[in-house]
Amino acid sequence: MTLEELTGVALDAASQAGSLALSGFRKSMRVSEKGESDLVTEFDLASERLLRQLLAERTPSIPVFGEEEGGSRTAERVWYCDPIDGTNNYAHGHPFWAVSVGLMAGTEPVAGAVVAPALGITWTGYRGGPALRNGEPCHVSPTRELGRALVATGFPRDLSRSPDDNFGSFVHVKRNVQGVRRCGSAAIDVCLVADGTYDAFWERRLSTWDLAAGVAIALSAGGTLSHLDGGPAVLDGGHVLLDNGFVHDDMLRLLRESVAIWPAAET
């Protein structure tokens, strides 16, 4: 299959899993904790099972790695799935959550679909192809000045004991941009950079399933990606800066300054 066709497979699977998750949204559900402030619901598990089934039917030669049940990462191409990105939001009835299905070729995100059912928004994109929001082409923003930039970030779940809790960087960036948003779904945040809503997004300690789909979409929309130190990004390391390219150097500068001011923010 071509990357365009595989993107269609990802969108179909994410849409069906999103409909399943939406059927339980804001209703009584089983919720448990798999870690500190890290929730999992019965719909996370059901969504991932459906994603595995649908992807296996359409692309049996491509293994699936999911947040909840893991899988193989050794193949040349691997599907990375987050069955509900933003589970804490989902469990509390907040609409910022999404189903994310991304295709990695080695360490490179090459195609993906992110479906946010409660918001009624879908994003797709693939290497060499267009980025689409609800089927219409989208692109990163033209903003060039940090003072006019709207950016987004997130925080690690284990805030009480994490040395890189991101608070220092949050405060320093906040003082130098128009606004900072923290909505609780990295997949959505990355896609909002892709469609020009946000000018930049940074976060620490994310996982490949959080980023694979959204980063593929954002890169196809003209985005710029790096590690927080300016080097090549490693999605499994999760210390990433993604933006429109125009504010990239200034964002890196702010993040470096924040480490000097608050050493606990080291990357």
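## Sheet and strand pairing

Two strands are counted as paired if DSSP finds at least two bridges between them. In this predicted model, seven bridges join β5 to β6, and these two strands run antiparallel. One of the residues concerned is G102, whose bridge partner in β6 is G112.

Both strands belong to an open sheet of seven strands, which follow one another in the order β3-β4-β5-β6-β7-β8-β9 with mixed pairing. The edges are taken by β3 (64-66) and β9, and because each of these has a single partner strand, one side of each is left without a neighbour in the sheet.

## Helices on the sheet

Helix α1, which covers residues 3-24, lies across β4, β5, β6 and β7, and runs at about 30° to β6. Helix α2, made of residues 42-58, also packs on the sheet, where it touches β3, β4 and β5, and its direction makes about 150° with that of β4.

## Nonpolar cores

The largest nonpolar core holds 36 residues, and those with the most contacts inside it are V114, W123, V190, F201, L211 and I217. Two or more residues each are given to this core by the strands β4 (77-85), β5 (98-105), β6 (108-116), β7 (121-126) and β14 (240-243), and likewise by the helices α5 (186-194) and α6 (208-220). The largest share, eight residues, comes from α5.

What surrounds I217, once its neighbours within four places in sequence are left aside? I217 is then in contact with G112, A113 and V114, with W123, T124 and G125, and also with A131, C191 and A194. Apart from this core lies another, of 23 residues, and among its members are A13, A14, L51 and A113.

## The surroundings of S141

S141 lies in the loop between β9 (136-137) and β10 (150-153), and with a relative accessibility of 4%, under the 20% limit, S141 counts as buried. Its side chain makes a polar contact of 2.5 Å with the side chain of D199, and another, of 2.9 Å, with the side chain of N244.

D195 has its place in the loop between α5 and β12 (200-203). Is D195 buried or exposed? At 14% relative accessibility, D195 counts as buried. The side chains of D195 and R133 are joined by a polar contact of 2.6 Å, and beyond the neighbours within four places in sequence, D195 is in contact with W123, R133, C138 and H139.

## Cysteines

A disulfide would require two cysteine sulfur atoms within 2.5 Å, and by this rule the count for the model comes to zero. For C81, the closest cysteine sulfur is that of C191, at 14 Å, and this is too far for a bond. For C183, the closest cysteine sulfur again belongs to C191, here at 13 Å, which is likewise too far.

Both residues count as buried, C81 because its relative accessibility is 1% and C183 because its relative accessibility is 17%.

Notes:
Residues are numbered from 1 along each chain as its sequence is written. This is a predicted model: local features need pLDDT of at least 70, side-chain atom pairs count only at pLDDT 80 or more; totals for chains, interfaces and linings use all residues. Side-chain values use heavy atoms; hydrogens and water are left out. A nonpolar core is a set of buried Ala, Val, Leu, Ile, Met, Phe, Trp, Tyr and Cys residues joined through side-chain atoms within 4.5 Å. Buried means under 20% relative accessible area, exposed over 50%, partly exposed in between (1.4 Å probe, protein chains only). Helices (H or I, at least four residues) and strands (E, at least two) are DSSP runs, numbered from the N terminus. Contact means heavy atoms within 4.5 Å. A polar contact is a pair of N or O atoms within 3.5 Å; within protein, one must be able to donate a hydrogen and the other to accept it, and residues adjacent in sequence count only if both atoms are side-chain atoms. Axes are lines fitted to C-alpha atoms, for helices over the stretch in contact, and angles run from 0 to 180 degrees between N-to-C directions.
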